[in-house]
Amino acid sequence: MPTFARLPAPDSVAQLVRWFWIPEWCLPAGQTSRQQLIAFPACNLVVEPAVVGLAGPTTGSSYRELTGTGWAVGALLRPAAVPHFATAPAVLRDRYQLLDLPVLRERVGRAMLEPDDPPARHRQAVDAFATWLSDTVPPPPHEALLANRMADVIDADPTVRTVEDVARHLRLSARSVQRLAARFIGLPPAAMIRRRRLQEAAQRLRDDPETTLADVAADLGYSDHAHLANEFRSVLGLTPGAYRRRTDAAGSPRVEL
């Protein structure tokens, strides 16, 4: 079955990358593994054996069918890195755009061909990826770092539930927060907040089989459990109960991307 590793970003690219993620798989002929993805509201720069691509911010869950043998090394980009690869990230919503980056592909691919020692192989691939980024992407300007702070506030503070909450934390107007999100993320800040709460809900449903939907809804600030259920269905295409049953049967869907 596919394996999945997540590695922290080295200090040299801490303002550009939140973390790196590496799936690997080697499936028997004729076998397919369907991986559900609940991506963070951000762009991912992804190296695969034959291509490099930029996955734009997503508005819902998606699936990838894995067959044969393969791997990927992805970087969950922080907002400050996005303009270097996409001047209008909103155009890339729910899209995957191939990029002509042969040096990056060659360096990461060479690291992934190292002997059968996954932790060492992953570390070398991340180091190669990070070195390329630090050599290629210029230091982020003030506005880009402010966009990073905006994303950090939304992601780390569960009391942040509206755009106005974000604006107060950053000492900005709500309109300024919306402009930052448009330029550096490609999703409205309200959508980022909804996605964070939904991912927290999914994590609770996976990790705590005894918790009720009403408890999760109350803890995350939803008006009631029906509100959470409706949002869950609109993004993932299934009810919280069906999600929990599928997780129990097939393992946790990938939420780390």
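This is a predicted model: local features need pLDDT of at least 70, side-chain atom pairs count only at pLDDT 80 or more; totals for chains, interfaces and linings use all residues.
At what angle do the axes of helix H5 and helix H6 cross?

## Helix H5 against helix H6

Helix H5 covers residues 163-170 and helix H6 covers residues 174-184. Their axes cross at roughly 95 degrees and come within 8 Å. With that angle, H5 is roughly perpendicular to H6. On the H5 side, the contact is made by Val163, Glu164, Val166, Ala167 and Leu170, while H6 contributes Ala174, Val177 and Gln178. Sorted by class, the contact of H5 with H6 has 6 nonpolar residues, 1 polar and 1 charged.

The loop between H5 and H6 holds arginine 171. This arginine 171 has a phi near 60 degrees, a positive value in a residue other than glycine. Is arginine 171 buried or exposed? Its relative accessible area is 77%, so arginine 171 is exposed.

## Helix H4 against helix H6

H6 also packs with helix H4, residues 142-156. Here the angle is about 105 degrees and the axes are 10 Å apart. H4 and H6 are therefore roughly perpendicular to each other, since angles from 65 to 115 degrees fall in that class.

Which residues meet in this packing? From H4 come Glu143, Ala144, Leu146, Ala147 and Met150, and from H6 come Val177, Leu180, Ala181, Arg183 and Phe184. By class, the contact of H4 with H6 has 8 nonpolar and 2 charged residues, with no polar ones.

## Aromatic rings

How many aromatic pairs does a search of the whole structure find? The search finds 4. One of them joins phenylalanine 85 and tryptophan 132, whose ring centres are 6.3 Å apart. The planes of these two rings lie at 25 degrees, so the pair is stacked; the cut-off for stacking is under 30 degrees.

Phenylalanine 85 belongs to helix H1 (residues 82-85) and tryptophan 132 to helix H3 (residues 118-136), so the pair ties together parts that are 47 residues apart in sequence. Both partners are on the buried side of the accessibility scale: phenylalanine 85 counts as buried at 13% relative accessibility, and tryptophan 132 counts as buried at 7%.

## Charges over rings

Arginine 6 has its charged end over the ring of tryptophan 19, at 3.9 Å from the ring centre. In the other case, the charged end of arginine 197 sits over the ring of tyrosine 222, 4.1 Å from its centre.

Where is glycine 60 found? It is in the loop between strand S5 (52-55) and strand S6 (62-66). With a relative accessible area of 14%, glycine 60 is buried. Leaving aside neighbours within four places in sequence, the contacts of glycine 60 are Asp94, Arg195 and Val235. The C-alpha atom of glycine 60 is separated by 20 Å from that of alanine 86, 26 residues apart along the chain.

Like arginine 171, aspartate 94 has a phi near 60 degrees, positive in a residue other than glycine. At 47% relative accessibility, aspartate 94 counts as partly exposed.

Glutamine 97 lies in strand S9 and is partly exposed, with a relative accessible area of 29%. Leaving aside neighbours within four places in sequence, glutamine 97 is in contact with Val52, Gly53, Leu54 and Leu92. Valine 52 is 45 residues from glutamine 97 along the chain, and their C-alpha atoms are separated by 8.6 Å.

Aspartate 219 is in helix H8 (residues 213-219). It counts as partly exposed at 48% relative accessibility. Not counting residues up to four places away in sequence, aspartate 219 touches Arg161 and Arg204. Arginine 121 is a residue 98 places from aspartate 219 along the chain, and the C-alpha atoms of the two are separated by 40 Å.

Technical notes: Residues are numbered from 1 along each chain as its sequence is written. Side-chain values use heavy atoms; hydrogens and water are left out. Axes are lines fitted to C-alpha atoms, for helices over the stretch in contact, and angles run from 0 to 180 degrees between N-to-C directions. Helices (H or I, at least four residues) and strands (E, at least two) are DSSP runs, numbered from the N terminus. Angles under 35 degrees count as roughly parallel, over 145 as roughly antiparallel, 65 to 115 as roughly perpendicular and the rest as oblique. Contact means heavy atoms within 4.5 Å. Ala, Val, Leu, Ile, Met, Phe, Trp, Tyr, Cys and Pro count as nonpolar, Asp, Glu, Lys and Arg as charged, and the others, Gly among them, as polar. Rings of Phe, Tyr and Trp (its six-membered ring) pair if their centres lie within 6.5 Å; planes under 30 degrees apart count as stacked, over 60 as edge-to-face and the rest as tilted. Buried means under 20% relative accessible area, exposed over 50%, partly exposed in between (1.4 Å probe, protein chains only). A charge sits over a ring if NZ of Lys or CZ of Arg is within 6 Å of the ring centre and within 35 degrees of the ring normal.
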